[in-house]
Amino acid sequence: MKIDHIGIAVKNIDSSLKFYKDTLGLEFKGTEILKERGLKVAFLQTGESKIELLEPISEDSTISKFIDKKGEGIHHLAIYAKDLDQKVESMQEKGTKFIGEANTGAGGKKIIFIHPKTTNGVLLELCQNLE
Ligand code: ZN
């Protein structure tokens with residue numbers, strides 16, 4: 001298992017890219033609109049992992065609420081799961097609570113979030129590429 005990406009809540013992707021892409025020099029992989037989640041996301045490559053910038057595009061997106069409460073910053077860590085369904089099942093057997101059901105995230109990945117109560121206050125996402 002490896003860290004697939006680190007999600008960072010930002011107010012504005014374009015101005016954040018000035019730092020992450022232009023100043024820090026990370027490889028920009030493109031942006032995507034996730035209408036249902038009220039988000040615009042951008043990915044930057046950092047070795048095997050990525051940084052995911054998350055900008056809210058609707059008032060009721062979870063990222064708007066996060067920024068209102070805590071300000072910009074690290075929102076979640078995403079761990080790559082080879083077989084997400086199997087992983088979720090085995091973790092549920094051990095008492096892990098998840099937030100909702102698995103759904104489709106950026107890049108068409110299958111994703112699910114683990115409840116932060118289980119993970120010492122860290123919002124952890126499990127994700128799997130669907131080919
Ligand atoms: Zn993510």
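**Close-up views of a predicted model**

**View 1. Asn12 caps the N-terminal end of helix α1.** In this predicted model, a side-chain oxygen of Asn12 lies 3.0 Å from the backbone nitrogen of Asp14. Beyond the helix comes Gly25, with a positive phi near 85°.

View 2. Ile13, Ser16, Leu17 and Tyr20 are the buried residues of α1. They span an arc of only 105° around the axis and therefore sit on the same side of the helix. An α-helix has 3.6 residues a turn, so residues three or four places apart point the same way. Lys18, Asp22 and Thr23 are exposed on the other side of α1. The cover over the buried residues includes strands β1 (3-9), β2 (27-34), β3 (39-46) and β4 (49-56).

**View 3. An edge-to-face pair, Phe19 and Tyr20.** The ring centres of Phe19 and Tyr20 are 5.0 Å apart; their planes meet at 80°, so the pair is edge-to-face. The count of aromatic pairs is one. Phe19 is partly exposed, with a relative accessible area of 42%. Tyr20 is buried, at 18%.

**View 4. The zinc site.** Four residues coordinate the zinc ion: His5 (NE2), Glu52 (OE), His76 (NE2) and Glu125 (OE), at 2.0 to 2.3 Å. Angles among the four donor atoms run from 83 to 164°, and the site is irregular. The donor spacing in sequence is H-x46-E-x23-H-x48-E.

**View 5. His76 and Glu125 link distant parts of the chain.** Both residues coordinate the zinc ion. His76 belongs to strand β5 (residues 73-80) and Glu125 to strand β8 (residues 124-128), 49 residues apart. His76 and Glu125 are buried.

How values were computed: Residues are numbered from 1 along each chain as its sequence is written. This is a predicted model: local features need pLDDT of at least 70, side-chain atom pairs count only at pLDDT 80 or more; totals for chains, interfaces and linings use all residues. Side-chain values use heavy atoms; hydrogens and water are left out. Donors are N, O and S atoms within 2.8 Å of the metal (3.2 Å for Na, K and Ca); water is not among the atoms, so sites may look incomplete. Four donors count as tetrahedral if all angles lie between 85 and 135 degrees; four count as square planar and six as octahedral if opposite donors are over 155 degrees apart and all others between 65 and 115; anything else is irregular. Helices (H or I, at least four residues) and strands (E, at least two) are DSSP runs, numbered from the N terminus. Buried means under 20% relative accessible area, exposed over 50%, partly exposed in between (1.4 Å probe, protein chains only). Rings of Phe, Tyr and Trp (its six-membered ring) pair if their centres lie within 6.5 Å; planes under 30 degrees apart count as stacked, over 60 as edge-to-face and the rest as tilted. The arc is that of the directions from the helix axis to the C-beta atoms. Contact means heavy atoms within 4.5 Å. A polar contact is a pair of N or O atoms within 3.5 Å; within protein, one must be able to donate a hydrogen and the other to accept it, and residues adjacent in sequence count only if both atoms are side-chain atoms.
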